[in-house]
Amino acid sequence: MRLSRRALLAATTAAASLPSAAAASERHGRLRTGFERLAADGYAVLDGQKVGIVTNPTGVTRDVRHIVDVMHADEKVDLRAVFGPEHGFRGTAQAGGSEGRYDDPATGLPVYDTYLKSGRPLADIFTASGVDTVVFDIQDVGARFYTYIWTLYDCMEAAQLAGKRFVVLDRPNPVTGRAAQGPVLHREFATFVGRQPISQAHGMTVAELARLFNGEFLTAPVPLETVRMTGWRRSEFYDAWGLPWVPPSPNMPTPDTALVYSGTCLFEGTNLSEGRGTTRPFELLGAEGIDGRWAVAANELGLPGVHFREAYFAPTFSKFQGKTIGGVQVHVHDRAAYDPVRTGVALLVTAKKAWSGFTWRSDNWIDKLTGSTQVRTMIDAGASTDEVVAGWRRELAAFRRVREEYLLYR
């Protein structure tokens, strides 16, 4: 990884100036998002610019007005276009879908589809939109394979190719920013669920990731500005801040989902249900033929901060649609002690031992999710949870050292 751009990064990355109201709020400990600070400062960072914004239903104010609606109604902003990611700008599409190109009925603004677009084709969309500055404001959930951070990466790269400024409005990492956890992606396994070598649970905000992408991974840096939050502490979870939770995607209904997601999403790479089609996606896991022995085996590990309940459920869509299946429900009782990635691996190890029907997806999707063949091949060879986790320790330590250079909050 390259560390030579830090001087340039410091020059090209700036926070919006903090108005007096925001300064008073920070002294009293209230969190202000990047958008709240941008608006309180009269959109000074966007002054004189034709603006386009990459956002989705999570781009809301504290009173749940969408920021596109707010900015469109404000004469201080020249908002010209919206760019929608996976699931779409207004959130009408399921996993693996988007809304396409249309004019937004509420504002009349053109909405462009960015999903699965990158490089020059995406740069051409930015050029065709006529904007000078591309703004990004989407709530992330802290996992490498959640696609919005790679929408961020692709849009930064495309903005650089198109000669556009890029502004990131920061929001909290809902599962804290305490530490990076899990395996680090190997570049030969790069896909849209992981473009670059970061850890499975990155422990960063989107503005910090933008700084990391600009300094380490983009072929040429984009002119980048970040509008930081004030009042955010790395150690606290989303519900500490009094912000509304808008599901970032249809199967991320609550902050509890985000808490387990960076571990249990690994079950997408197996023939077990990861709980899609239930009211508790990624907390419910199971398949036909599984009984209470799996929950017993998982509880015997004594994993910190979590219990497992024998559970039976019938998904309404996705794997095992309409069938009653058995498995476990993940119950986190101590969030501070809980390690989602270690827990996800432990559940894979115990599922394989407890259920003879366990298989990986035939396309080895698990390798794309974990970032290499290591987790799959070690589990197949009979490795324990501790042995699997030890296998990524050195690469994770190296990533943590690089990550430290780009953190905005302490």
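Mentor: Let's start at Phe282, which is buried with a relative accessible area of 1%; buried means under 20% relative accessible area, exposed over 50%, and partly exposed in between, with a 1.4 Å probe and protein chains only. Before going on, note that this is a predicted model, in which local features need pLDDT of at least 70 and side-chain atom pairs count only at pLDDT 80 or more, while totals for chains, interfaces and linings use all residues. Residues are numbered from 1 along each chain as its sequence is written, and side-chain values use heavy atoms, leaving out hydrogens and water.

For the terms: rings of Phe, Tyr and Trp (its six-membered ring) pair if their centres lie within 6.5 Å, and planes under 30 degrees apart count as stacked, over 60 as edge-to-face and the rest as tilted. Tyr261 belongs to helix 8 (residues 255–264), whereas Phe282 sits in the loop between helix 8 and strand 10 (284–287), so the pair ties together parts 21 residues apart in sequence. Helices (H or I, at least four residues) and strands (E, at least two) are DSSP runs, numbered from the N terminus. Ring pairs also join Tyr261 and Phe282 with Phe145, Tyr146 and Tyr148 in a cluster.

Now follow helix 8 itself. Of its 10 residues, 8 are buried, so helix 8 is largely enclosed by the rest of the structure. Tyr261 is one of these, and others include Thr257, Ala258 and Leu259. The cover over the buried residues of helix 8 includes strand 8 (199–201), strand 10, strand 12 (325–332) and helix 10.

Helix 10 (residues 340–354) packs against helix 8 at an angle of about 55°, with the axes 6 Å apart. Axes here are lines fitted to C-alpha atoms, for helices over the stretch in contact, and angles run from 0 to 180 degrees between N-to-C directions. The two helices are therefore oblique: under 35 degrees counts as roughly parallel, over 145 as roughly antiparallel, 65 to 115 as roughly perpendicular and the rest as oblique. On the helix 8 side, the contact (heavy atoms within 4.5 Å) is made by Leu259, Val260, Ser262, Gly263 and Thr264, and on the helix 10 side by Pro340, Val341, Gly344 and Leu347.
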